[in-house]
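Please read them with the structure open beside you.

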Amino acid sequence: MPKPYEAVRISDRVHWVGAIDWEIRSFHGYGTPRGTTYNAYLITGEKVILVDTVKAPFREELLSRVASVVDPGDVSAIVSNHSEMDHSGSLVEMVDIIRPEAIYASPMGKKALEANLHGGIDVTVVKDGETLTIGDATLSAVHTAMIHWPDSMFTFLQEDGVLFSQDGFGMHLASTERFDDELDPALLEYEAAKYYANILLPYSPLIKKLVSRMGELDLPVKVVAPDHGPVWRSSIARVMGLYEGWAEQRPTRKAVIIYDTMWHSTEKMAHVIADGLTAEGVSTRVLPLGSSERSDVAAEVLEAGALLVGTPTMNNNLFPSLADSLTYLKGLRPKNLVGAAFGSYGWSGEAVDQANAALEEMGVELVSPGLKVVYVPDEEALLACRELAAKVAARLPAAT
Ligand code: FEO
């Protein structure tokens, strides 16, 4: 019988049964101008298995897509690869509806689901490397702690070669297209990089290990099915290669300038520094924080070699937007950056020192004690901005 929402087949035995969130514009502070999807998957066969669920308000959409393939009551098992609420928010209600024989999760997944959902659900633990046989489906578990939460795991459906990778290889992108090859590769790369920078960057050392472990396991992956964004079927090697590179955090000849301004003086300094960097062959991104999201800053910093911070002093402090972005970036633990702070002030000028301290705390190697200008920068001050740009450029890798 037709249903309001239909499933999309992604392999012989697997359907996408997720939900599309066209409206969301902030995902716990991560700007999502293109919305997102919460992907869930249905494996059919002797037993029907649901892999992950969706954010709570999207339960009806999930249920409808499941019902377009099977009677929801026929679902025998749920595998929870990741317990964050965007993937488990509708789990308790789904359990009430479908009454599965078993719910599987990693040991930390069991703890998190019980703590998050208070639903009295009974979760069966899956060990790292364990292979579950559910009817005629064979699912192998690879624990991926901290990618993205301590509970996270990948599961691999051996029969179809589908790797369910929860947040791994995901992106926030709402689209009617379900597959990578139906979308612009540049858009996919941008959104995948932004997702990596904002969600996974702090765990890069673990991602390096995971990439190496996946290589050793040599699973015959034909499809990568993440919990956000499109399913990968044509560019699997490409996205895995990108992850390998991002996890290394190798600096490139790219600089990111973030700044805010009260009376356009710090702005003038930022513009001249950008001009100087460009003249030195540095690919430069300028992000005025009055109109840039912190998650866009993180996305630009991902492959950068330098971070420059421009801040006026406001009431003896950093300008608030700089404090926001620097706090956010610190949590993401970017590596291998050089940097400098600059800014105009009227009375006391502490903000540049504070920005430098924040950069140092983040592990950024400072190339300057900080460039402070009183009130409006004159030509001499602007030439000092250019000198700062040259110093930064000298510390970046040569263009390849
Ligand atoms: Fe998409 Fe970590 O949740």
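1. The radius of gyration is taken over C-alpha atoms, and the globule rule used for comparison is 2.2 Å times the number of residues to the power 0.38. For 400 residues a compact globule would therefore have a radius near 21 Å, and the 24 Å of the protein agrees with that. Along the principal axes, the C-alpha atoms fill a box of roughly 75 × 40 × 35 Å.

2. This is a predicted model, in which local features need pLDDT of at least 70 and side-chain atom pairs count only at pLDDT 80 or more, while totals for chains, interfaces and linings use all residues. Residues are numbered from 1 along each chain as its sequence is written, and side-chain values use heavy atoms, with hydrogens and water left out.

3. The protein has 12 helices and 24 strands. These are DSSP runs numbered from the N terminus (helices: H or I, at least four residues; strands: E, at least two). Contact means heavy atoms within 4.5 Å. Among contacts between residues at least 6 apart in sequence, 73% join residues at least 24 apart.

4. Of the 400 residues, 57% count as buried. Buried means under 20% relative accessible area, exposed over 50%, and partly exposed in between (1.4 Å probe, protein chains only).

5. Helix 1 (residues 59–67) is mostly covered, with seven of its nine residues buried. The buried ones are R59, E61, L62, L63, S64, R65 and V66. What do the buried residues of helix 1 pack against? Their partners are strand 2 (14–16), strand 3 (19–21), strand 7 (41–43), strand 8 (48–51), strand 9 (75–79) and helix 3 (91–98).

6. Two packed helices are described by the angle between their axes and the distance between the axes. Axes are lines fitted to C-alpha atoms, for helices over the stretch in contact, and angles run from 0 to 180 degrees between N-to-C directions. Angles under 35 degrees count as roughly parallel, over 145 as roughly antiparallel, 65 to 115 as roughly perpendicular and the rest as oblique. A crossing is right-handed if the near helix is turned clockwise from the far one by less than a right angle, and left-handed if anticlockwise.

7. Helix 5 (residues 185–200) packs on helix 7 (residues 236–248) at about 40°, with the axes 11 Å apart. Helix 5 and helix 7 are therefore oblique to each other, and their crossing is right-handed. Helix 5 contributes E189, A192, A193, Y196 and L200 to the contact, and helix 7 contributes R238, L242, Y243, W246 and A247. Eight of these residues are nonpolar, none polar and two charged. Here Ala, Val, Leu, Ile, Met, Phe, Trp, Tyr, Cys and Pro count as nonpolar, Asp, Glu, Lys and Arg as charged, and the others, Gly among them, as polar.

8. Helix 9 (residues 294–301) and helix 10 (residues 320–332) cross at roughly 50°, and their axes come within 10 Å. That makes helix 9 oblique to helix 10. The crossing of helix 9 and helix 10 is right-handed. R294, S295, V297, A298 and V301 in helix 9 meet D324, S325, Y328, L329 and L332 in helix 10. The residues of this contact are six nonpolar, two polar and two charged.

9. Some backbone details deserve a check. The peptide bond from I147 to H148 is cis, with omega near 25°, and H148 lies in the loop between strand 13 (137–143) and strand 14 (153–157). R99, which is not a glycine, has a positive phi near 50°. Q249 has a positive phi of about 50° and is not a glycine either. R99 counts as exposed at 60% relative accessibility, whereas Q249 counts as buried at 9%.
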